[in-house]
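Dear colleague,

I am handing over the structure we spoke about, with the sequence and the coordinates placed just below. After them I set out what was found, so that you can follow each point in your own viewer.

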Amino acid sequence: MDVVEKANAARQKRWTKDRKVGEGTYAVVYQGREAATGRKVAIKKIKVGQFKDGLDMSAVREVKYLKELAHQNVIALLDVFSSKTNLNLVLEFLDTDLEMIIKDRSLVFLPADIKSWMAMTFRGLEFCHRNFVLHRDLKPNNLLIASDGQLKLADFGLARDFADPGYKMTCQVITRWYRPPELLFGARYYSTAVDIWSVGCIFAELMLRTPYLPGESDMDQLKTTFRALGTPTEEDWPGHTKLPDYVPVGQFPKTPLRELFTAATADTLNLLGKCLIYEPRKRISAKEALSHPYFFALPYPSHPSKLPKTASQLAASRMAEEAETNVDMNGPGPAVKAAPPNRLKRKMSGDDIGRSVARKLDFSQPAAA
Amino acid sequence: MSSAGRSNAGGWLRGSAIRKGTSSNNASRSLTPQVHSTSSTVFGGGVKDPSGRTSEFFSMDDQCPVCKSDRYLNPKLRLLVSSCYHKMCESCIDRLFTLGPAPCPICNKILRKLAFIPQTFEDLSVEKEVSVRRRIAKEFNKRREDFPILRVYNDYLEMVEDITFNLINDIDIPETEARIAAYRKENAALTELNTQRDQAYVQALKEQEEAEKRERQLRADELRRAEEEERDARENERRELIDSLERSDADAARLVRRSRADALKRAAARTAAASQAVQQSSAMLLRNRAAQSSTVPDVPHVPLQDDWYAYDDKYTMRETYVDPASEAVRRDREGIMRAGGYRVEEAWERALRSAVAGLEVTPLVGLEPS
């Protein structure tokens with residue numbers, strides 16, 4: 001056994017896997033513990049076998065960037081080790097994600113709650129951007145919530161560093177509903193503004209409690225966007241007609257945001273509008289957004305510990321409290337995380353799926369009544 | 001008025017034409033099977049739709065291959081399929097098979113009257129495949145859990161598919177039947193168990209659906225009752241108003257106004273009561289949320305909670321730099337890089353920042369300088 005293998009074995013021993021909590025295309029997520037302290041962790045086992053030319057790209061990206069980024073609003077990568085042919089990422093365990101909270105109809109959001117989530121998102125994003133990392137897959141599903149209410153950016157599988165001149169970047173990133181128009185038009189040179197657009201969409205979704213721009217295809221996404229915000233003119237967005245995949249998708253009039261967001265304050269709509277400016281260079285940056293009057297106006301952003309929690313999260317935190325009665329309340333505490341059952345895409349409710357299958361022709365049934 | 005009536009009639013006629021059947025030159029869509037009978041006859045077979053009815057294939061071009069009677073001559077023509085997958089009309093079946101088993105007029109196989117099934121699919125080979133698969137599925141109902149490894153399960157599925165294919169295409173029928181019989185003898189217990197499991201699942205599904213239906217019914221009843229009550233209340237109000245107008249000699253206009261106001265108030269109370277359930281719960285939620293808010297005080301917003309930007313004063317960005325690598329970007333004032341939001345200044349800032357980031361950082365203790 002050489003030195004590397006020995007070191008790896010030592011690392012592996014620090015963590016134990018408890019149970020499987022989720023499975024995606026590239027990885028299986030387990031809940032586990034740190035052997036020494038009993039702290040809960042999530043272990044993401046990357047399936048290496050199926051990739052013919054080495055490691056999966058998204059795993060490489062995730063390790064590459066998470067290893068560099070340490071911030072309270074970015075998920076922490078605690079360790080990396082390999083077991084047999086698999087690569088294992090040890091991540092902070094987080095209870096839930098923003099999508100589950102948005103979907104939970106039993107929760108009521110105060111304007112202060114939304115402000116708090118937005119501040120945490122912008123803080124995490126500002127940290128990535130200041131370190132020249134684009135997240136490129138921001139959506140409620142990838143904003144995880146810790147048991148103490150802190151919001152953390154997760155899933156850096158599509159992240160990359162930017163600001164190297166002359167390198168083309170792919171425009172096939174970001175989940176469609178949160179994808180900015182410059183990517184839909186095929187821009188190969190872009191910057192931090194793409195993430196800001198996604199945050200704008202999430203901001204709107206937090207207020208509406210339903211996705212703001214749910215396009216059915218890439219083409220429809222452009223149409224949906226323009227229907228909501230008006231078709232951009234050459235003045236709004238100079239040069240957009242020269243983008244590689246530019247196609248005219250019809251003229252829609254501009255409607256003020258006020259018409260859809262009737263209850264929002266002027267500050268709120270001002271910030272939202274600045275996140276959803278067509279011209280990427282005019283779009284607000286994460287740093288500027290954090291100094292926007294919206295965040296300073298009353299009500300103050302909710303304290304993270306008071307933010308709405310899903311039922312499962314409450315149960316989890318109660319269990320954690322019971323299990324560890326002498327926890328240091330000021331410390332980071334037992335960070336917990338549950339991978340949502342399917343992190344890949346939204347689904348219709350489970351009932352519908354089950355039924356549609358059951359109603360198919362069933363050959364095993366007796367023939368006639 | 002009359003034009004509306006006429007267009008309506010046209011619509012109805014069109015609708016009925018579609019419902020009645022199709023002409024041959026219509027698109028294939030209109031030839032899809034249509035629900036035709038609820039088939040509780042002695043005839044078996046057919047494929048059931050979700051409501052438990054059998055859809056029967058039906059087309060205007062139906063013709064009995066035996067007596068050549070067609071839908072024009074006999075509008076009530078109903079074609080049934082024999083166990084050898086030949087069609088014939090009900091009257092032919094009566095004529096040929098009432099006196100007991102007789103040979104099929106087309107292929108001479110001995111047939112019985114009771115073995116005719118209604119036709120569901122236009123293509124009889126599909127009909128045959130469905131019934132073969134149904135039969136096979138009844139016998140070969142093992143599941144993945146019944147096998148130790150996936151490989152064995154796949155082999156099993158392969159065998160089932162072979163048998164099915166043989167039966168459908170009439171290959172080695174006796175041998176295949178023997179295989180099925182052997183399998184049946186070997187796996188009788190497991191097959192029985194799986195059948196029971198499937199039945200339990202179907203039962204559960206049915207119960208769930210029934211419960212949903214009941215609930216819907218209940219809700220609809222509730223709604224109807226509420227509507228009736230409202231109508232009665234309105235009727236009462238009107239009667240009261242007329243009574244008071246008759247009896248008192250106060251100003252009529254004022255009486256009407258007062259009764260209007262009352263009615264409005266009552267209507268508001270009714271809507272409030274109707275949405276009370278919802279209102280109450282959301283009000284409760286909000287109250288809970290607000291109560292929670294007072295325990296930990298919210299603090300004013302602090303944009304950044306670290307001192308990263310303290311390093312900003314270590315350098316100043318210049319207007320422009322000599323940078324051949326980014327020349328393409330800078331020359332492209334109006335083009336694709338600009339519209340995409342790319343800024344060359346970011347590249348320069350990154351280079352500068354990387355250059356100064358390590359200044360004044362105390363070296364880690366215990367590390368040897370390399």
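Predicted model: local features only at pLDDT ≥ 70, side-chain atom pairs only at ≥ 80, totals over all residues.

Ala27(A) lies in strand β2 (residues 27-34) of chain A, and, not counting residues up to four places away in sequence, Ala27(A) touches Lys44(A), Lys45(A), Ile46(A) and Lys47(A). Of the annotated residues, Val21(A) has its place in strand β1 of chain A.

The sheet in chain A

Strands β1 and β2 belong to an open sheet of five strands in chain A, which follow the order β1-β2-β3-β5-β4 with antiparallel pairing. The strands β1 (15-23) and β4 (77-83) of chain A stand at the edges with a single partner strand each, so one side of each is left without a neighbour in the sheet. From one strand to the next, the twist averages 30°. As a general point, the strands of a sheet pair through backbone hydrogen bonds, either parallel or antiparallel.

Which strands does β5(A) pair with? On one side, six bridges join strand β3 (residues 40-46) of chain A to β5(A), and the two run antiparallel; on the other, six bridges join β4(A) to β5 (residues 86-92) of chain A, again in antiparallel fashion. Leu91(A) can be followed in both pairings, as Leu91(A) is the bridge partner of Ala42(A) and also that of Leu77(A), while Asp79(A) has Val90(A) in β5(A) as its bridge partner. Strand β5(A) is mostly covered, with seven of its seven residues buried. The strands β4(A) and β5(A) form a hairpin with two residues between them, and Lys84(A), in the turn, has a positive phi of about 50°. Helix α1 (residues 3-13) of chain A lies across β1 and β4 of chain A, and runs at about 120° to β4(A).

Elsewhere in chain A

The UniProt annotation "active site", likewise from an unreviewed entry, covers Asp137(A), which the model places in the loop between β7 (133-134) and β8 (143-145) of chain A. Is Asp137(A) buried or exposed? Asp137(A) counts as buried, because its relative accessibility is 9%. Leaving aside neighbours within four places in sequence, Asp137(A) is in contact with Asn142(A), Asp155(A), Leu158(A), Ile174(A) and Thr175(A).

Turning to rings, Phe185(A), Trp197(A), Phe226(A), Trp237(A), Tyr246(A) and Tyr278(A) form one aromatic cluster. In two further places a charge sits over a ring: the charged end of Arg209(A) sits over the ring of Phe109(A), 3.8 Å from its centre, and the charged end of Lys115(A) sits over the ring of Tyr294(A), 5.0 Å from its centre.

Chain B

Chain B has eleven helices and seven strands, and buried residues make up 25% of its 370 residues. Among the contacts in chain B between residues at least 6 apart in sequence, 50% join residues at least 24 apart.

Ser82(B) has its place in the loop between β3 (79-81) and β4 (87-89) of chain B and is buried, with a relative accessible area of 1%. Not counting residues up to four places away in sequence, Ser82(B) touches Leu111(B), Ala115(B) and Phe116(B). Gly100(B) is found in another loop, the one between α2 (90-97) and β5 (102-103) of chain B, and counts as partly exposed at 22% relative accessibility. The C-alpha atoms of Gly100(B) and Lys113(B), which are 13 residues apart along the chain, are separated by 7.5 Å.

Over all chains the count comes to 20 aromatic pairs. One of them is formed by Phe147(B) and Tyr153(B), a tilted pair at 5.3 Å centre to centre with 45° between the planes. Phe147(B) counts as buried at 10% relative accessibility, and Tyr153(B) is buried too, with a relative accessible area of 17%.

With best wishes

Note on methods: Residues numbered from 1 in each chain as written. Chains lettered and ligands numbered in written order. Heavy atoms only, no water. Helix = DSSP H or I, 4+ residues; strand = E, 2+ residues; numbered from the N terminus. Buried < 20%, exposed > 50% of the residue type's maximum accessible area, 1.4 Å probe, protein only. Phe/Tyr/Trp six-rings, centres within 6.5 Å; stacked < 30°, edge-to-face > 60°. Lys NZ or Arg CZ within 6 Å of the ring centre and 35° of its normal. UniProt positions renumbered as here; feature names shortened; annotations may be inferred. Contact = heavy atoms within 4.5 Å. Pairing = 2+ DSSP bridges. Axes fitted to C-alpha atoms, helices over the stretch in contact; angles between N-to-C directions.
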